[in-house]
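Below are a few numbered points from my read-through, meant to be followed with the structure open beside them.

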Amino acid sequence: VFLLAGAGVAFYFTIVFDLPRLTTLKDYNPYIVSGVYSEDNVLIGEFFVERRTVVPLAQMPRMLPKAFIAAEDARFFEHRGIDYRRVLGAAFRNIEALDVVQGGSTITQQIAKSFFLTPERSFVRKVKEAILAQRIEHYLTKNEILFLYLNQIYLGEGSYGVAAAATTYFGKPIQNLTLAECALLAGL
């Protein structure tokens, strides 16, 4: 029993030893689009590494974050980084299917993966993701986590973040999205 406990403690400290600091999350400064305009203020070109426009939550339609929470992490405001009920449910579904058919990651875990980890599928990476998610939940507010998520997430067609996706898919600024358009983005 003591040997097993000691091995567990050693495993934990081996994993957390090289985890990154979370301070970079407060200094969120991603790649954004640089626009080139004509003399009469017409957009004539864009330069970007990732097509992204960072938008504060206050400038997004109220239903947009709600749509993403409903689609990605219904218990977002109830958990502290890991939704254990969801993880167990996903595990049972995956065991039944004998394949990975459902994930159990929360929005916070997706932030941890996106900012700090590689996309590899391994037990060690999932443990690191879970530890980072819990640390993020202690370091940031739920609204700060949503802000990062909604501006960081890749939504296809070269669009990073919900503002770029609004322009790409609907040809309009994020502030003008309808409920149906918010739901469609969340479904991507």
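1. Let me start just past helix α8, where G171 takes a positive phi of about 65 degrees. Please keep in mind throughout that this is a predicted model.

2. Helix α8 itself spans residues 162-170, and its buried residues are V162, A163, A164, A165 and A166. What do these buried residues pack against? Their partners are α3 (63-72), α7 (142-152) and α9 (179-187).

3. One of those residues, V162, turns up again in the largest nonpolar core, which has 39 residues. V162 is listed there with L25, L64, F68, I136 and I174 as the residues with the most contacts inside this core. At least two core residues come from each of α1 (2-16), α3, α5 (107-116), α6 (123-139), α7, α8 and α9. Helix α7 gives the largest share, five residues.

4. Leaving aside residues up to four places away in sequence, L64 touches V162, I174, L177, C182 and L185.

5. On to the aromatic residues: the structure holds six aromatic pairs. In one of them, the ring centres of Y28 and F147 are 5.8 Å apart and the planes stand at 85 degrees, so this pair is edge-to-face. Y28 sits in the loop between α2 (23-26) and β1, while F147 belongs to helix α7, so the pair ties together parts 119 residues apart in sequence.

6. Are the two partners buried or partly exposed? Y28 has 14% relative accessibility and therefore counts as buried, whereas F147, with a relative accessible area of 22%, is partly exposed. The cut-off for buried is under 20%. Ring pairs also link Y28 and F147 with F115 and F116 into a cluster.

7. Two lysines deserve a look as well. The charged end of K26 sits over the ring of Y139, at 5.2 Å from its centre. K142 likewise has its charged end over a ring, that of F76, 4.3 Å from the centre.

8. Finally, the strands. β1 (residues 34-37) and β2 (residues 43-47) pair in the antiparallel sense over four bridges, and L43 in β2 is the bridge partner of Y37. The two strands form a hairpin with five residues between them. Which residue in the turn has a positive phi? That is N41, at about 65 degrees.

Note on methods. Residues are numbered from 1 along each chain as its sequence is written. This is a predicted model: local features need pLDDT of at least 70, side-chain atom pairs count only at pLDDT 80 or more; totals for chains, interfaces and linings use all residues. Side-chain values use heavy atoms; hydrogens and water are left out. Two strands pair if DSSP finds at least two bridges between them. Buried means under 20% relative accessible area, exposed over 50%, partly exposed in between (1.4 Å probe, protein chains only). Contact means heavy atoms within 4.5 Å. A nonpolar core is a set of buried Ala, Val, Leu, Ile, Met, Phe, Trp, Tyr and Cys residues joined through side-chain atoms within 4.5 Å. Rings of Phe, Tyr and Trp (its six-membered ring) pair if their centres lie within 6.5 Å; planes under 30 degrees apart count as stacked, over 60 as edge-to-face and the rest as tilted. A charge sits over a ring if NZ of Lys or CZ of Arg is within 6 Å of the ring centre and within 35 degrees of the ring normal.
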